[in-house]
Structures are given as C-alpha cells and as structure tokens.
Amino acid sequence: MEVTISRHATKRIKSRMDIPKKATLRQFSRALDRGIKQSDAKGNLRKYLASIALKEERPHSVVVYNSYVFIYGYSEGIPMLITVIPLPSNLQREVKYYKN
C-alpha cells in the first residue's frame, strides 16, 4: 500500500513513539491495515475519534493502533499521515476489547 508522511508527522512519531524515521512508513501502513477505524469503534472511543476528526475545518480520517491515534487525510488519492497523538488512558481499556 502506498502511503505518504508529512514532515510534521515524522517529527511527532519520533518524539511521541520514539521510533526511527525509516519505521514511520511501516508503522502507518500497519495502522491502516490493523488499526481500529472510526467506523468500527463504539461508545466513548467512537465519540472521541469523531471529535478529533471534526476538529479542523476539513474532516480528517482517524485510526487507533498501538495506543496512538493516527490522523490522516488524502493527497491525490493516497493516504497522508498528518500527525500522531497518544490515546487517553481512560480509552486504552476499551481498545483491548477490539480484535485486530
């Protein structure tokens, strides 16, 4: 799967997830394949993801993977990672009930 990563997202992944630059593409691809999408989420997790997705003027797509929320959009039909934020601790318990 072809994906792109913004410079901002590369910095955020490095600082928040502490993984090298080379692994960012692989991590984002795995998040898209194995992560929990907003449409699959339920309850408080779904509400939280909806609030993040609609925060900006243009709605973005979000996916949860490895206790992080990956926020991405599409550039010329290709997914482009915008930023990564940690999932709040009260929602991490809910994520355990989803099977990847």
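1. Phe-70 counts as buried, since its relative accessibility is 0%; the classes in use are buried for under 20% relative accessible area, exposed for over 50% and partly exposed in between, with a 1.4 Å probe and protein chains only. Phe-28 is likewise buried, at 0% relative accessibility.

2. The model is a predicted one, in which local features need pLDDT of at least 70 and side-chain atom pairs count only at pLDDT 80 or more, whereas totals for chains, interfaces and linings use all residues. Residues are numbered from 1 along each chain as its sequence is written, and side-chain values use heavy atoms, with hydrogens and water left out.

3. On confidence, pLDDT being the predictor's confidence in each residue from 0 to 100, the protein chain has a mean of 88, and 98% of its residues reach 70 or more. The lowest confidence is found in helix α4 (residues 89-95), with a mean of 87, and the highest in β3, with 93. Helices (H or I, at least four residues) and strands (E, at least two) are DSSP runs numbered from the N terminus.

4. Three aromatic pairs are present in the structure. Phe-28 and Phe-70 make up a stacked pair, with 6.5 Å centre to centre and 20° between the planes. Because Phe-28 belongs to helix α2 (residues 24-34) and Phe-70 to strand β4 (residues 68-75), this pair ties together parts that are 42 residues apart in sequence. The criterion is that rings of Phe, Tyr and Trp (its six-membered ring) pair if their centres lie within 6.5 Å; planes under 30 degrees apart count as stacked, over 60 as edge-to-face and the rest as tilted.

5. Tyr-72 and Tyr-74 have ring centres 5.8 Å apart and planes at 70°, so their pair is edge-to-face. Tyr-72 counts as buried at 4% relative accessibility, whereas Tyr-74, at 53%, counts as exposed. A single aromatic cluster is formed by Phe-28, Phe-70, Tyr-72 and Tyr-74.

6. Two backbone positions deserve mention. Most residues other than glycine have a negative phi. Ser-67, although not a glycine, has a positive phi of about 65°. Ser-67 is located in the loop between β3 (61-65) and β4, and is partly exposed at a relative accessible area of 30%.

7. Glu-76 is also a residue other than glycine with a positive phi, near 55°. Glu-76 sits in the loop between β4 and β5 (78-86), where its relative accessible area of 79% makes this residue exposed.
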